[in-house]
Amino acid sequence: MAAAQSAGTSGTPAAPGGGASVRVDSWIWAVRLVKTRAAGAAACRGGHVKVNGTSVKPAHALRVGDEVRVRRPGDRERLVIVKRLIRKRVGAPVAVEAYEDNSPPPPPRTVVAPVGVRDRGTGRPTKRDRRELERLRGIFGQGPEAGDDPS
């Protein structure tokens, strides 16, 4: 009994027992693909988690070698291959060792120049300054539009 307790406190993650499977919602939370286990379960229920190309429920048994796709709103899709099963949340360096990341690279970021930045203390912009700022921003609100009736 004491040997089993000391093995759990050695800094290694809690691995599954003889069954060799872990719930998919628990695993994606443990390896830090989602912030909470509840968010992992919600993603599974919403069809945002696929294992080997099939949408799965939160209690789906995950095994070593499975391909997991996780899509989060506002984020790119993550495609990972399970290398090790983990039940409890671990630190980021240990979590990275539990999967192989085959995600496509993120799209290139577009460089946007800051527009309309004024030096501090220059006061309120003049009418000429305002028009130059609108021209830079692409706002052309001069006069009524083509379909508008002025009356």
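Analyst: The buried residues of α3 are Gly40, Ala41, Ala43 and Cys44, where buried means under 20% relative accessible area, exposed over 50% and partly exposed in between, with a 1.4 Å probe and protein chains only. These four cover an arc of only 160° around the axis, so they sit on the same side of α3; the arc is that of the directions from the helix axis to the C-beta atoms. An α-helix has 3.6 residues a turn, so residues three or four places apart point the same way. On the face turned away from the buried side, α3 carries the exposed residues Ala38 and Arg45.

A word on the source: this is a predicted model, in which local features need pLDDT of at least 70 and side-chain atom pairs count only at pLDDT 80 or more, while totals for chains, interfaces and linings use all residues. Residues are numbered from 1 along each chain as its sequence is written, and side-chain values use heavy atoms, with hydrogens and water left out. Helices (H or I, at least four residues) and strands (E, at least two) are DSSP runs, numbered from the N terminus.

What covers the buried side of α3? The cover includes α2 and β2 (49-51), contact meaning heavy atoms within 4.5 Å. After the helix comes Gly47, whose phi is positive, near 85°.

The link to α2 also has a charged part. Asp25 forms a salt bridge with Arg37, with 3.5 Å between the closest N and O atoms; the term means a side-chain nitrogen of Lys or Arg within 4 Å of a carboxyl oxygen of Asp or Glu. Asp25 belongs to helix α2 (residues 24-30) and Arg37 to helix α3 (residues 37-45), so the pair ties together parts that are twelve residues apart in sequence. Asp25 is buried at a relative accessible area of 2%, whereas Arg37 is partly exposed at 37%. Arg23 joins Asp25 and Arg37 in a network of salt bridges. By the same rule, the count comes to seven salt bridges.

Five strands form an open sheet in the order β3-β2-β5-β6-β7, with antiparallel pairing; two strands pair if DSSP finds at least two bridges between them. β3 (54-55) and β7 stand at the edges with a single partner strand each, so one side of each is left without a neighbour in the sheet. Two bridges join the antiparallel β2 and β3, and Lys50 stands opposite Ser55 in β3.

Asp101 is partly exposed at 38% relative accessible area, while Arg78 counts as buried at 18%.

Asp101 has another partner: its side chain makes a polar contact with the side chain of Ser103 (2.5 Å). Such a contact is a pair of N or O atoms within 3.5 Å; within protein, one must be able to donate a hydrogen and the other to accept it, and residues adjacent in sequence count only if both atoms are side-chain atoms. Ser103 lies in the loop between β7 (99-101) and α5 (127-137) and is buried, at 17%. The Ser103 side chain also reaches the backbone nitrogen of Leu79 at 2.9 Å.
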